[in-house]
Amino acid sequence: MNSNTIKNMSGKFKLITTLFLPLGIFLLAGCEKTVDNIKLPTTAPKLVVGCFISPQDSWITVTLTRSNPIFGPGHNNTNTLPVEDASVIISDGTNTASIPFNSLSQQYEMQTSTFPIISGQTYSLTVSTPTGENVSANCTVPASIISALTVDFTDTASNLKKTTVKWQDIPNEINYYRVVGQIVSIYTPSPGDTIFNDMYSISNATAYNDHEKDGNELYAKLEGSYYEGSEYSLVAYDFYLLHIDGEYYNYQNSLDHYTYGDPFSEPIPLYTNIRGGLGVFAAYQKLYVRLP
Amino acid sequence: MKKIIVFCFSALFLSSFAQLPNQKFTISGYVNENGSKELLVGVPINIPEIKNGTTTNPFGFYSITLPAMDSITLIFSYIGYSPIVKRIKLDKDISLNIDMEPSAKFMKEFEVVAERIAKASQTTQMSKIDIPIQQIKDIPALLGEKDVLKILQLMPGVQKGGEGSAGFYVRGGGADQNLIILDDAPVYNAFHLFGFFSLFNGDALKSVELIKGGFPARYGGRLSSVLDMRMKEGNKEKIQVECGIGIVASRLTIEGPILKNKSSFLISGRRTYIDALIAPIIAAANSGSTGGYYFYDYNAKFNYDFGEKNRVYLSGYFGKDKFYFKNKFEENVFSGSLGWGNATATARWNHLFNSKLFSNTSAILSDYKFLTKSEDKEGQNSLFSLKYYSGIRDYGLKYDMDYHPSIKHYIRGGLMSTYHHFTIQALTQRDNNSSDGNINKKTTTEGVESAVYLEDDYKILPKLKANFGLRFSHFYTDGKNYFKPEPRISASYNIREDLAVKASYADMNQYIHLISNTGVGLPTDLWVPATKNLSPQNSKQWATGVAKDFLKQNLAVSIEGYYKLMDHVLGFKEGASFLDVESSPDQNETQSFNWEKNVTSGKGGSYGAEFLIQRKSGKLSGWIGYTLSWTQFQFDSLNFGKKFYAKYDRRHDVSLVGIYKVRKENTDTGEDGITLSGTWVYGTGNAITLPLSSFAAPTHSPGTNQNQWVYDGYSEYTDKNAFRMAPYHRLDFGIQFHKTKKHGVRTWELSVYNVYNRKNPYFYYITSTSTTGSNVLKQISLFPFLPSVSYNFKFMKTKAKKIEKIGYEQ
């Protein structure tokens with residue numbers, strides 16, 4: 001090749017770059033439109049039931065709302081309101097009770113003294129409405145309660161408190177647990193003001209299983225902080241060790257991990273055991289410990 | 001006429017057999033391209049007398065051992081080259097090197113011979129795609145950037161991912177289940193610019209071959225496909241220069257002899273100039289800021305021929321992508337960058353023990369690194385910097401032998417071992433304002449992957465061929481040994497000379513995994529090994545098919561069905577976010593980053609049928625491909641244990657590719673050429689998950705006065721991947737004008753991507769309309785009608801020269 005050719009060519013290079021490159025970049029810009037060439041997924045509004053029962057609780061509480069369809073005629077623009085006119089029936093197979101709506105708390109409530117929750121017992125919950133909606137679910141109360149837990153505190157000078165909650169797994173069965181911790185502090189200028197600061201699980205999960213750890217000592221690491229300063233004083237730690245059933249575990253686990261989808265990742269759905277609806281009907285046994 | 005020839009040859013064959021019943025001789029040698037001495041891979045060599053033949057190996061070597069004969073005919077025929085016919089008296093061992101002439105000047109003769117030789121129906125191997133490099137250069141491409149991986153996506157059984165993405169999915173397998181090798185070195189991230197372009201520069205490539213099933217035992221390490229690419233050695237006779245200028249990048253390739261016919265080199269480079277373009281835009285938009293993006297890649301190869309017995313090759317690839325920005329305000333400077341790059345190096349030594357036994361020894365290095373940096377400088381004294389990287393580095397050794405004891409057997413055996421070093425996460429933080437702000441954290445792990453294999457391509461009967469293979473693979477990591485036998489078999493039975501039925505079975509294991517929570521080929525994707533707790537991925541694939549050559553029409557047709565089971569495939573655990581772990585490293589957490597917690601393993605299955613009708617050469621070439629397939633996964637911890645369709649499960653996939661040479665350029669007569677090309681693709685929409693409704697989720701809060709609450713903002717979804725996006729289809733068109741100039745051939749190419757401006761969905765999102773409050777689904781599409789232009793120049797001697805005619809002797 002001779003040098004003239006190269007000169008000519010480099011001249012052409014320049015021409016091309018100046019002419020075509022901005023054009024290309026301009027054309028690369030994305031475009032947006034409303035989708036009208038496929039059928040969108042539609043659904044009717046569904047009843048959303050929430051009920052967690054325990055032999056250690058004095059109340060049975062049921063929350064009831066409706067889902068709001070994204071697309072289609074079922075969609076409405078109002079906020080979520082409780083469904084007040086439903087018939088909510090709990091049954092242990094032999095005894096049945098209707099749980100009434102409490103307009104003050106906006107929930108369906110009944111005392112366990114009238115309808116006791118018993119260890120190892122299977123319960124069913126049926127919800128029906130005057131418009132013909134009907135959903136139901138079952139759950140079984142874990143047979144035993146965990147009787148003891150120990151807590152290790154990692155000494156940190158700041159208001160960030162770290163703890164490890166330990167307990168003994170029940171051997172030879174599949175067990176699920178949830179650990180909840182709170183730091184209790186008091187606002188000293190007004191000693192009646194007790195502040196509960198939630199502690200958070202370091203692993204992002206609050207529900208645990210004994211998979212591959214059957215019969216072992218299990219632990220959960222929690223940390224949390226409370227308001228700092230001379231006006232606040234730390235008084236106690238509250239720990240709740242819940243021995244939960246599989247429904248509770250699946251639901252809580254999906255709740256802890258819930259994320260919206262985005263174009264590059266998959267959404268995480270919420271678990272439900274409500275036939276024909278959404279939400280959960282679950283059971284647990286509760287150990288509550290307050291440590292100074 | 002043909003029958004008479006066959007009869008004569010048969011008679012000759014029989015008589016020669018009668019005369020010398022026991023003596024056998026070997027014909028062996030190398031097949032080169034005339035004019036460049038480039039070794040040719042996979043050249044079929046047919047011997048009509050015995051209706052049998054062989055092909056050249058990846059180093060252009062062939063060997064045929066036959067009983068003595070008075071006369072035998074060897075026909076060397078290869079797409080794009082004029083065939084060569086040699087008649088030989090076989091009464092001693094013969095060394096025969098062949099130089100094949102590129103067929104530009106011999107279209108007619110070539111077509112005549114091509115009619116006579118069946119291809120697809122003659123090999124044992126099934127589920128294999130090889131694309132002539134020239135076709136890659138002829139097919140229109142996005143922004144004019146020719147891309148090997150995007151051409152492969154047009155083949156049945158190979159699906160593309162998102163719009164414009166070079167990532168590919170073979171027979172339901174993940175993008176990480178493709179073994180991409182460039183001169184024996186694995187490439188871990190094959191993409192530039194978030195997957196829109198692949199790393200491979202067609203100018204530097206000699207051959208591209210993709211195997212989808214019926215894997216020969218010499219390949220292993222990934223479940224779904226092997227993409228074997230080989231770089232050109234470089235012209236051994238004269239210096240050759242080729243350059244190209246496109247809208248986004250320019251290319252330059254120089255090759256030539258170092259010592260004529262002994263040693264040659266090739267250097268090829270490509271760089272984008274997107275940064276030069278957007279820099280003024282960024283500067284205009286934000287004073288004091290600069291930033292941009294670029295990628296480049298280089299290929300280099302060197303070889304030395306020590307005579308017939310020994311040859312040495314050194315080859316390497318180096319490429320990098322980088323985004324960068326710098327923001328300056330008075331004395332404060334905030335700057336950062338994000339980049340990734342691959343480097344591979346291979347040293348190979350070919351040794352010929354004797355005319356029947358060929359060996360190759362390779363030493364391989366492959367390195368992939370993702371790096372992000374940021375630096376915040378406030379005034380003279382305050383400096384905060386953060387540097388994060390992850391990557392994988394391989395050191396490998398490989399030894400392969402080819403043994404040709406007789407025409408009936410082609411035996412290959414070998415062993416390989418690779419040391420993988422994984423940098424899962426390396427973090428360095430400097431803060432000169434605070435002593436405990438300095439962090440130096442690194443999580444690494446390693447593994448050794450080894451294998452031995454033996455395979456025999458055995459011609460059991462004249463009509464029945466089989467490739468029996470066995471591979472033993474082994475992986476060692478973290479005190480755990482995995483040892484897996486991998487049986488492989490493929491067989492082919494010729495019902496007629498041009499019609500074969502084929503079947504195969506392959507067992508594959510994969511010891512390294514790609515953790516990706518996006519699936520779009522982002523550089524943050526992380527390679528990790530199998531561990532004590534995470535078993536290697538395994539697949540078993542059965543395939544069967546029919547291959548038919550229509551010799552008169554120069555068409556090859558194949559229909560294949562496959563069934564693939566995958567076990568221990570990796571998924572990203574619902575809710576676990578890999579990016580979060582990276583972007584907010586916990587400073588107080590002393591234990592190393594535990595990626596195993598974020599992944600889960602499950603099962604998968606894929607089955608389908610693929611149809612291909614292909615014409616590799618001629619005035620009109622191209623193919624029609626159709627795939628019907630189903631791919632499902634089942635993970636205990638995903639979708640509540642229920643089966644779901646893969647995102648890229650594609651029920652129907654159609655591609656039409658046509659290349660029409662209106663006029664072929666002729667560098668001898670100075671004639672100009674015109675090539676028209678077009679592609680049309682159609683694919684079922686991706687399977688995605690969409691929300692159905694929003695609701696308030698009940699939560700249990702022990703310790704609060706009410707015990708139970710509801711929280712708004714949750715969504716009910718369709719079953720995982722139960723919703724289909726709109727189907728994808730697109731037409732591309734290109735026209736090339738080739739002109740013979742004094743110093744070579746220049747090509748102007750005008751091409752249009754998405755001719756009828758189909759708005760294909762890239763992703764969907766939901767938004768509410770402000771007027772009615774109702775929701776609508778919106779789609780974002782990436783590439784509308786997109787014209788581009790590119791310029792290519794190949795320097796060569798163009799004055800007419802006398803050509804030795806290599807005829808076809810009858």
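Predicted model: local features only at pLDDT ≥ 70, side-chain atom pairs only at ≥ 80, totals over all residues.
Local features are described where pLDDT is at least 70, side-chain atom pairs count only at pLDDT 80 or more, and totals for chains, interfaces and linings use all residues, while side-chain values use heavy atoms, with hydrogens and water left out. Residues are numbered from 1 along each chain as its sequence is written, and chains are lettered from A in the order in which they are written.

**Confidence in chain A**

- The average pLDDT (the predictor's confidence in each residue, from 0 to 100) is 83 for chain A, and 85% of its residues score at least 70.
- Residues 1-29 of chain A call for some care: pLDDT stays under 50 there. For this stretch the model has 39 contacts (heavy atoms within 4.5 Å) beyond four places in sequence.

**Where the two chains meet**

- On chain B, 78 residues are in contact with 75 residues of chain A.
- About 6,800 Å² is buried between the chains, and carbon and sulfur atoms give 66% of that area. Buried area is the accessible area (1.4 Å probe) that two parts lose on being put together, summed over both.
- The interface has one salt bridge, a term for a side-chain nitrogen of Lys or Arg within 4 Å of a carboxyl oxygen of Asp or Glu. Glu716(B) forms a salt bridge with Lys46(A), and their closest N and O atoms are 2.4 Å apart.
- Between chain B and chain A, 18 residue pairs are in polar contact, with both residues at pLDDT 80 or more. A polar contact is a pair of N or O atoms within 3.5 Å; within protein, one must be able to donate a hydrogen and the other to accept it, and residues adjacent in sequence count only if both atoms are side-chain atoms.
- Several elements of chain B each supply at least two residues of the side that touches chain A, among them helix 5 (274-285), strand 42 (708-717) and strand 48 (786-795). Helices (H or I, at least four residues) and strands (E, at least two) are DSSP runs, numbered from the N terminus.
- Strand 41 of chain B gives the largest share of that side, ten residues.
- By class, the side of chain B that touches chain A has 44 nonpolar, 24 polar and ten charged residues. Here Ala, Val, Leu, Ile, Met, Phe, Trp, Tyr, Cys and Pro count as nonpolar, Asp, Glu, Lys and Arg as charged, and the others, Gly among them, as polar.

**A strand pairing between the chains**

- Strand 4 (residues 68-69) of chain A and strand 41 of chain B run antiparallel, joined by two bridges. Two strands pair if DSSP finds at least two bridges between them.
- In this pairing, Pro69(A) stands opposite Ser693(B).

**Sheets within chain B**

- An open sheet of five strands has the order 9-16-17-12-13, with mixed pairing.
- Strand 9 (128-130) and strand 13 (185-186) each have a single partner strand, so one side of each is left without a neighbour in the sheet.
- Strand 12 (residues 178-182) pairs with strand 13 in the antiparallel sense over two bridges, and Leu182(B) stands opposite Ala185(B).
- Elsewhere, strand 38 (residues 652-663) and strand 39 (residues 673-683) pair in the antiparallel sense over ten bridges, with Tyr660(B) opposite Leu676(B).
- Strand 39 is also joined to strand 44 (residues 728-741) by eleven bridges, again antiparallel; here Thr675(B) stands opposite Gln736(B).

**Loop residues with positive phi**

- Lys37(B) has a phi near 60° and lies in the loop between strand 1 (24-33) and strand 2 (44-47) of chain B.
- Ser127(B), not a glycine, has a positive phi of about 55°. Ser127(B) sits in the loop between helix 2 (107-114) and strand 9 of chain B.
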